[in-house]
Amino acid sequence: MNFDYDESQLLFRASVERFLDGSDIATRKAQRANPGGIDRARWQAMAALGLTAMALDEDRGGLGSSLIDLVAVGESFGQRISSDNWLENALLPLALAGKALREGDPVIEALASGEAVAALALFEPEGRHVTTPRSTTARQNASGYTLSGDKTFVLGGMAADWLLVSAVLDGEPALFVIATDAPGVFRRGYQVIDGNIAAEVQLRGCEVVRDARLDIAWAALEQVLSTARLVAAAEMAGLAQRLFDDTLAYVRQREQFGQPIGRFQAIQHRMVDCYALVDQAKSALIAAVTSADAAAIAGMKAIVAEAALQIGREAVQLHGGMGTTDELEIGHAHKRVLLLSQWLGDPASGLDSYAPKALRVAA
């Protein structure tokens with residue numbers, strides 16, 4: 001079976017990489033200095049390239065991209081160590097909105113055009129890695145619904161114009177779209193490890209209209225989250241490749257005892273181990289794309305995360321003390337891996353999800 005990208009995928013990926021070129025340290029810091037950590041002009045340029053509408057079906061004005069299309073772009077974002085919140089604030093929210101809102105809905109049009117930003121508010125303080133709501137509740141009123149509860153780790157939440165909020169309604173999980181300036185919505189921003197600006201969100205008697213409830217089954221939402229895990233793994237695979245390439249270049253030019261440290265056998269063995277981990281991560285990614293199974297994707301994300309984290313640790317150690325600073329690209333790459341490895345489930349929870357499937361296959 002051929003796992004190479006086809007011509008159209010390679011051309012689109014080249015366009016994405018041209019857009020991402022120049023994502024250096026200074027550019028990332030400038031982007032994060034914008035309100036909420038997102039440069040709105042750059043966001044609209046990203047939308048003009050079609051990146052925000054990749055997960056939207058063609059009959060709704062999107063690109064209708066396949067899983068392999070998304071993986072190709074995710075890898076490019078990783079290799080360029082991009083600080084554009086494409087995955088968490090463009091791809092994922094629009095994929096959900098596109099499945100739930102009516103065609104021509106102004107929210108979809110604003111998100112697809114880059115005029116607005118959305119953030120997903122799923123996680124709650126007492127339910128680490130749990131995507132289903134527990135304490136956030138919605139109850140019906142005369143005009144719609146009243147929501148109350150707390151959400152945590154809302155990536156891009158301070159830049160968002162809209163929040164996609166999960167809540168328990170009549171004992172079942174439901175999803176609502178809420179404007180961030182609606183009465184009863186309170187946000188507190190903080191910076192997470194990769195420089196992203198996340199938010200703690202409090203809903204205190206927030207009243208929304210009846211149409212604010214998204215018409216999406218929870219199983220369909222979980223399927224979209226599974227796709228997001230796949231793309232997060234693709235980005236980590238790209239980051240792992242970048243960490244390896246930068247470290248290989250460094251050990252070839254850094255001299256000690258009159259010769260490059262890359263000539264020392266111990267260093268060579270460690271770099272070979274990292275090379276094998278990069279290959280392992282990419283192989284796991286390919287296997288998950290071909291299966292498109294939620295449990296397999298969760299397990300694959302765990303494998304890719306562990307590989308990328310190990311490569312990051314080796315990269316930092318081989319660069320020495322300066323590897324922990326913001327002055328080197330590897331520091332930024334490793335921090336992004338640390339965040340993605342925990343997003344939508346850490347390696348332990350991913351392997352827990354995959355274990356029942358693995359036992360069935362073994363039997």
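C274 is buried, at a relative accessible area of 3%. C206 is buried too, at 0%. Buried here means under 20% relative accessible area, exposed over 50%, and partly exposed in between, with a 1.4 Å probe and protein chains only. A search of the whole structure returns 0 disulfides, a disulfide being a pair of cysteine sulfur atoms within 2.5 Å.

This is a predicted model: local features need pLDDT of at least 70, side-chain atom pairs count only at pLDDT 80 or more, and totals for chains, interfaces and linings use all residues. Residues are numbered from 1 along each chain as its sequence is written, and side-chain values use heavy atoms, without hydrogens and water.

**Helix α2**

Helix α2 spans residues 25–32, and its buried residues are I25, R28, Q31 and R32. Viewed down the axis of α2, these buried residues fall within an arc of 125 degrees, so they line one face of the helix. The arc is that of the directions from the helix axis to the C-beta atoms. An α-helix has 3.6 residues a turn, so residues three or four places apart point the same way. The cover over the buried residues of α2 includes α3 (40–48) and α10 (329–342). Contact means heavy atoms within 4.5 Å. Helices (H or I, at least four residues) and strands (E, at least two) are DSSP runs, numbered from the N terminus.

**Pocket and cavities**

The largest pocket holds about 420 Å³ of space. Of its 24 lining residues, L67, L70, K99, V224 and T227 are the closest to its centre. Two or more lining residues come from each of α4 (67–79), α5 (86–100), α7 (218–253) and α9 (294–319). Helix α5 gives the most, with 6 residues.

There are 3 cavities of 30 Å³ or more.

On a 1 Å grid over the protein atoms alone, a cavity is a set of points where a 1.4 Å probe fits but cannot get out; a pocket is an open set with protein on both sides within 12 Å along at least five of seven lines; lining residues have an atom within 4 Å of a point.

| Lining | Residues by class |
|---|---|
| Largest pocket | 14 nonpolar, 7 polar, 3 charged |
| Largest cavity | 8 nonpolar, no polar, 1 charged |

Ala, Val, Leu, Ile, Met, Phe, Trp, Tyr, Cys and Pro count as nonpolar, Asp, Glu, Lys and Arg as charged, and the others, Gly among them, as polar.

Key: Points joined across faces, edges and corners; volume = space filled by probe spheres on them.
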